[in-house]
Amino acid sequence: SPSAYRWLAEEIKETIEPDSTRRRRIFISRQKADSRRIENRREVMQELSERGFEKYILEDMTFEEQVELFNNSDCIVAAQGAGLTNMIYATETTVVTLFGKDINSCYPVLADGLGFDNAVQMCTASGLDLRVDTDKLAHLLNTLAIE
């Protein structure tokens, strides 16, 4: 339930005291993952960097760093995956979930349950990975007023 997620997030944030002074637009790259990697990551990052996004590799971050990152997020763009559940540490954010071949609706349902603006972009599956249409991504971000 959303209230259980909020309770868990608050309990964890109390123990690590995340810095909430800098709002971030984050792109979770998944470049070290075994699947759901974004094949055209450079093109996607080029589009996102123009809007103030920074790329993060969650595997290279401590748990505390991940909590702080998501707590300070203004917008999250990521392919579906376990790291995206870190959205529970956000306070106010927008979540864009990228889907390829497999679709797990738990991520948009979680974002919606937490009261976040959220959207889904279907991408071209390439085996277990995906290719993002950057024009569609730009249009989606414009629709969400992420400029």
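The model is predicted: local features need pLDDT of at least 70, side-chain atom pairs count only at pLDDT 80 or more, and totals for chains, interfaces and linings use all residues. Residues are numbered from 1 along each chain as its sequence is written, and side-chain values use heavy atoms, with hydrogens and water left out.

## Overall build

The protein has five helices and seven strands. Helices (H or I, at least four residues) and strands (E, at least two) are DSSP runs, numbered from the N terminus. Read from the N terminus, the order of elements is α-β-α-β-α-β-β-α-β-β-β-α. The radius of gyration is 14 Å, close to the 15 Å that the globule rule gives for 147 residues, so the protein is as compact as a globular protein of that length. That radius is taken over C-alpha atoms, and the globule rule is 2.2 Å times the number of residues to the power 0.38.

Along the principal axes, the C-alpha atoms fill a box of roughly 40 × 30 × 30 Å. Of the 147 residues, 48% are buried. Buried means under 20% relative accessible area, exposed means over 50%, and partly exposed lies in between (1.4 Å probe, protein chains only). Contact means heavy atoms within 4.5 Å. Among contacts between residues at least 6 apart in sequence, 61% join residues at least 24 apart.

Two packed helices are described by the angle between their axes and the distance between the axes. Axes are lines fitted to C-alpha atoms, for helices over the stretch in contact, and angles run from 0 to 180 degrees between N-to-C directions.

Take α2 and α5 to begin with. Helix α2 covers residues 41-49 and helix α5 covers residues 134-143. Their axes are 10 Å apart, at an angle of about 25°. The two helices are therefore roughly parallel to each other. Angles under 35 degrees count as roughly parallel, over 145 as roughly antiparallel, 65 to 115 as roughly perpendicular and the rest as oblique. The crossing of α2 and α5 is right-handed. A crossing is right-handed if the near helix is turned clockwise from the far one by less than a right angle, and left-handed if anticlockwise.

Helix α2 brings Glu 43, Val 44, Glu 47 and Leu 48 to the contact, and α5 brings Thr 134, Leu 137, Ala 138 and Leu 141. By class, these residues divide into five nonpolar, one polar and two charged. Ala, Val, Leu, Ile, Met, Phe, Trp, Tyr, Cys and Pro count as nonpolar, Asp, Glu, Lys and Arg as charged, and the others, Gly among them, as polar.

Now α1 and α3. Helix α1 spans residues 2-16 and helix α3 spans residues 63-71. Their axes come within 11 Å and cross at roughly 115°. The crossing of α1 and α3 is left-handed. Ile 12, Lys 13 and Ile 16 of α1 meet Phe 63, Glu 64, Val 67 and Asn 71 of α3. That contact has four nonpolar, one polar and two charged residues.

## Single residues

| Residue | Relative accessible area | Class |
|---|---|---|
| Ser 29 | 0% | buried |
| Arg 36 | 26% | partly exposed |
| Ser 105 | 45% | partly exposed |
| Arg 131 | 37% | partly exposed |
| Ala 145 | 53% | exposed |

Ser 29 sits in the loop between β1 (24-28) and α2. Neighbours within four places in sequence aside, Ser 29 touches Ile 38, Arg 41, Lys 55, Tyr 56 and Ile 57.

Arg 36 is also in the loop between β1 and α2. Leaving aside neighbours within four places in sequence, its contacts are Arg 30, Ala 79, Gln 80, Gly 81, Leu 128, Asp 129 and Leu 130.

Arg 131 belongs to strand β7 (residues 129-131). Beyond its neighbours within four places in sequence, Arg 131 is in contact with Glu 39, Asn 40, Glu 43, Cys 123 and Thr 124. Arg 131 and Gly 100 are 31 residues apart along the chain, and their C-alpha atoms are separated by 7.7 Å.

Ser 105 lies in the loop between β4 (94-99) and α4 (106-113). Its C-alpha atom is separated by 25 Å from that of Arg 24, 81 residues apart along the chain.

Ala 145 is in the segment after α5. Its phi is near 60°, a positive value in a residue other than glycine.
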